[in-house]
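Dear colleague,

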Amino acid sequence: MFRPWLLGPVIVASPVVQADLVRTLVASGRAATRFRSEIGTQITGVVQRIPVREGQAVRAGDTLIILDDTESRALERQAAGQVQQATAQVRQLREFTLPSAQQALAQSRASLLSIEAAFNRNLTAQGFDTQAALDEARKNLDVARAAVRSAELAVVASAPGGSAAAVVSTQLAQAQAAFAATRTRVGYRAILAPRAGILIARNVEVGDVAQIGKALMLLSPSGAVSIEVQIDEKNLAQVAVGQAALVSADAYPTQRFPATVSFVNPGVDLLRASVEVQLAVPDAPAYLRQDMTVSVDIQTARRAGAIIAASADIHDIGTTAPWVLVTRSGHARRQAVTIGLTSAGRAEIVHGLAAGDLLVPTTASKVRDGHRIRVQAVSSTAARTVP
């Protein structure tokens, strides 16, 4: 009489396959730009208009806030008047004062020549009648010579490079500088976006007094985005700069985008026993926002054409002597294995198995080495994972 139980228990075997095995490290973190820009004012003024709203994307140079400019416009007009006044003084010196001084010099020289000639004639002819007349003549001659020297000094002072010209030129330069400063202040009434980005915070309303040193808005610049995650320090040896990763935002879990590990912090957070890792996102999706929560799968290792078994089918996998039960000619045979890379419930078998071998699952706890077994079916999953 045939007894099926003599042929051993029926099992569903798991196949050993050959395929590429990728080990990934899963972590969660947030999206962050490299820096944030606090938008402030360089002058104190009353907020007149705010043409943007929180959450709006802006371009570099877009107007964010407009301040009341009544006072700055008045100062600009005053400074413009001072420039006109100083300019008029320069023109007056060049067109009137200098020509007048030159004419006075010419007259003084002519008068001096006339007085000198008369003095010399009287002195060489009959002389002067009295000592008083001689003294008077000499006095007139000295006065004429002094007048010439005074006229010469006036010409030198009024000429380009002279002291008077330097004074009015300095006054003009000061007035022009003051005018430029007031015009710059007028320009400060319009607060512009320093770069393209998204306004993620707004701390000002129309009618508020904008003060120097106070952050009015917070801008998250567009461009290069990074992902910041914390990994357990026990996984530090697996992570290296340059590794590829796939990222998904919790708000859009089905949309994944690539990233690359760009920085591994050399320090360890003592409180969390974790290490900060940053990933660069070369082409961030439009929906990605500052501080969004994201999940990251970092590809830490890859084996092409590896011999792979399900981790759940390996006995003592966490020890130095792992083993499996492999089917051989209707019997279960114990086989020591060497494990390489492990990932997501799958293990690379470096030695001990070949593609196509069938393993007795560890759930068949009554099967021992040498027992007869019957393979009823083969698991449809290439390498089963732990549920």
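**A residue in helix α1**

Glu 76 is buried, because its relative accessible area is 14%, under the cut-off of 20%. Please bear in mind throughout that the model is predicted. Glu 76 lies in helix α1, which comprises residues 70-124. When neighbours within four places in sequence are set aside, the contacts of Glu 76 are with Phe 179, Thr 182, Arg 183 and Val 186.

**The chain as a whole**

The chain contains 3 helices and 21 strands. Its C-alpha atoms fill a box of roughly 180 × 50 × 35 Å, taken along the principal axes. The radius of gyration is 48 Å, whereas a compact globule of 387 residues would have a value near 21 Å.

As regards burial, 35% of the 387 residues count as buried. The chain exposes about 22,200 Å², and carbon and sulfur atoms supply 53% of that area. Among contacts between residues at least 6 apart in sequence, 75% join residues that are at least 24 apart.

Four strands make up an open sheet, in the order β7-β6-β4-β9 and with antiparallel pairing. The edges are formed by β7 and β9 (209-210); each has a single partner strand, so one side of each is left without a neighbour in the sheet.

Strand β6 consists of residues 63-67 and is mostly covered, 4 of its 5 residues being buried. Strand β6 and strand β7 (residues 190-192) run antiparallel and are joined by 3 bridges. Within this pairing, Ile 65 has Ile 191 of β7 as its bridge partner.

Strand β4 (residues 45-49) is joined to β6 by 2 bridges, again in the antiparallel sense. Here Arg 49 is found opposite Ile 66 of β6. Strand β4 also pairs with β9, antiparallel and over 2 bridges. In that pairing the bridge partner of Gly 45 is Ala 210 in β9.

**The sheet β3-β10-β8-β5**

Another open sheet has 4 strands in the order β3-β10-β8-β5, and its pairing is antiparallel. Its edge strands are β3 (37-39) and β5 (57-58), each of which pairs on one side only. The pairing of β3 with strand β10 (residues 217-221) is antiparallel and extends over 3 bridges. Ser 37 stands opposite Leu 219 of β10.

**Strands β11, β13 and β14**

Strand β14 (residues 274-281) runs antiparallel to strand β11 (residues 225-232), and 8 bridges join the two. Glu 228 is placed opposite Gln 278 of β14 in this arrangement. Strand β13 (residues 252-264) also pairs with β14, in the antiparallel sense and over 4 bridges. Thr 260 there faces Ala 280 of β14.

**Two loop residues**

Ala 284 belongs to the loop between β14 and β15 (293-310). This residue counts as partly exposed, because its relative accessibility is 27%, which falls between the cut-offs of 20% and 50%. Ala 284 and Val 225 are 59 residues apart along the chain, and their C-alpha atoms are separated by 6.7 Å.

Lys 234 is located in the loop between β11 and β12 (244-249). Is Lys 234 buried or exposed? Lys 234 counts as exposed, because its relative accessibility is 68%, over the cut-off of 50%. The C-alpha atoms of Lys 234 and Ser 158 are separated by 84 Å, and the two residues lie 76 apart along the chain.

Yours sincerely

How values were computed
Residues are numbered from 1 along each chain as its sequence is written. This is a predicted model: local features need pLDDT of at least 70, side-chain atom pairs count only at pLDDT 80 or more; totals for chains, interfaces and linings use all residues. Side-chain values use heavy atoms; hydrogens and water are left out. Two strands pair if DSSP finds at least two bridges between them. The radius of gyration is taken over C-alpha atoms; the globule rule is 2.2 Å times the number of residues to the power 0.38. Buried means under 20% relative accessible area, exposed over 50%, partly exposed in between (1.4 Å probe, protein chains only). Contact means heavy atoms within 4.5 Å. Accessible areas come from the Shrake-Rupley method with a 1.4 Å probe; for residues, only the protein chains shown count as cover.
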